[in-house]
Amino acid sequence: MKNFYRQYRRECSVFFAIVLTFILFGLLNPMYFTASNISTIIQQSVTYGLMGIGMTGVIITGGIDLSVGSALALLACLSAQLAKAGVPVPIWILLCAGLGFMMGCFNGVLISKLHLQPFVATMGTMSIYRGLAYVITGGFPILGVPRHYRNVFNARISSSLTVAVLLFFAFAIIMTIVWKKTKLGAHTYAIGGNEEAARLSGVRIDMTKILVYGLGMLGTMLAAMVLVGRLGTGDPSTGQGYELDAIAAAAIGGTSMAGGRGNVLGTVLGAILFSALKVGLIVMGVDTFYQFIVTGAVIVVAAYLEIVQGKLLSNRKQRATQEAPLQG
């Protein structure tokens, strides 16, 4: 049990924070404990979580992707247009997945091949993707997505469980396997830990980054299709500020903004905690504008906790190194 806690210290901390959040808001307003409200928390965490899971790999490499909010809008609009055009469902899903993957790979090419800073490259594509969303829609939402397309990702399995929730956890499991059990995952952590050392070890830095950004955008693609399923529209103005939500979910879960450390489990818990905080503020009647303040504060606190935990871990290792000769 002690070894488990040492290995997943940050994840345990986030889990306890979720429990405390539920208790606090539940005591302040009993409505917070209702089944419908808990269902709302889980449903909202799906969007943050899917985008955050994709963002996790990007941040582990030491990068960032500011374009995911605009990419969400573009992919939602494209998804809605393809659905209204009557494209068969399997082809519809494959086309959207392919488009999302290529958009992520484009970010990766700008960063790896043109040697642009991730912040600059994805800030540029953030504007490009948003502009394309407005161009292909003429600035108007795409309405009337057929019900059978919406049900692919939004059908209800029970009164409080939808396909989107199962998709969220399935994607989390798949990406956990990718980052923990494959060569790509090992190379991703190596790049984030020390890019030059990884290069000297034979890691194909450019190709790895391109694939990581491509896989990362798949999370945003799934979030877009879930959003289209939930709302029945593709809106070019949607997704504004969602990149902060994705970053916050990853940061809360313990993904180091400096790279080299993080995991999907932490991001899933971070997304649930983030959603619980946002819904809690709404239940308490707090103005939605304050959610921006909460988002920024959460990112700052999570980043600072990562620094503190890093220092504690470094000090613990240093003490262990100093004590080893004495014990010998």
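Predicted model: local features only at pLDDT ≥ 70, side-chain atom pairs only at ≥ 80, totals over all residues.
# Notebook: salt bridges and cysteines

How far apart are E196 and R199 in helix α10? They are three residues apart, which means about one helical turn separates them. E196 has a relative accessible area of 45%, so I noted E196 as partly exposed. R199 comes out at 40% and is also noted as partly exposed.

**Next entry: K209 and E195**

Which residue does K209 pair with in a salt bridge? I found E195, with the closest N and O atoms 3.1 Å apart. K209 sits in helix α11, residues 205–231, while E195 belongs to helix α10, residues 195–200, so this pair ties together parts that are 14 residues apart in sequence.

Is K209 buried or exposed? K209 is buried, because its relative accessibility is 13% and the cut-off for buried is under 20%. E195, at 27%, is partly exposed.

E195, E196, R199 and K209 are linked in a network of salt bridges.

**Next entry: K278 and D245**

I moved on to another pair. K278 forms a salt bridge with D245, and their closest N and O atoms are 3.4 Å apart. Here I looked up the helices as well: K278 lies in α13 (residues 264–283) and D245 in α12 (residues 242–252), so the bridge ties together parts 33 residues apart in sequence.

What about burial for this pair? K278 is buried at 9% relative accessibility, and D245 is buried at 5%.

How many salt bridges does the count come to? I wrote down five.

**Last entry: cysteines**

How many disulfides are there? The count comes to zero. I checked C96 in particular: C96 is in no disulfide, and the nearest cysteine sulfur, that of C77, is 11 Å away.

Is C96 buried or exposed? C96 is buried, with a relative accessible area of 2%. I looked up C12 as well, and at 14% relative accessibility C12 also counts as buried.

Key: Residues numbered from 1 in each chain as written. Heavy atoms only, no water. Disulfide = S-S within 2.5 Å. Buried < 20%, exposed > 50% of the residue type's maximum accessible area, 1.4 Å probe, protein only. Salt bridge = Lys/Arg side-chain N within 4 Å of Asp/Glu carboxyl O. Helix = DSSP H or I, 4+ residues; strand = E, 2+ residues; numbered from the N terminus.
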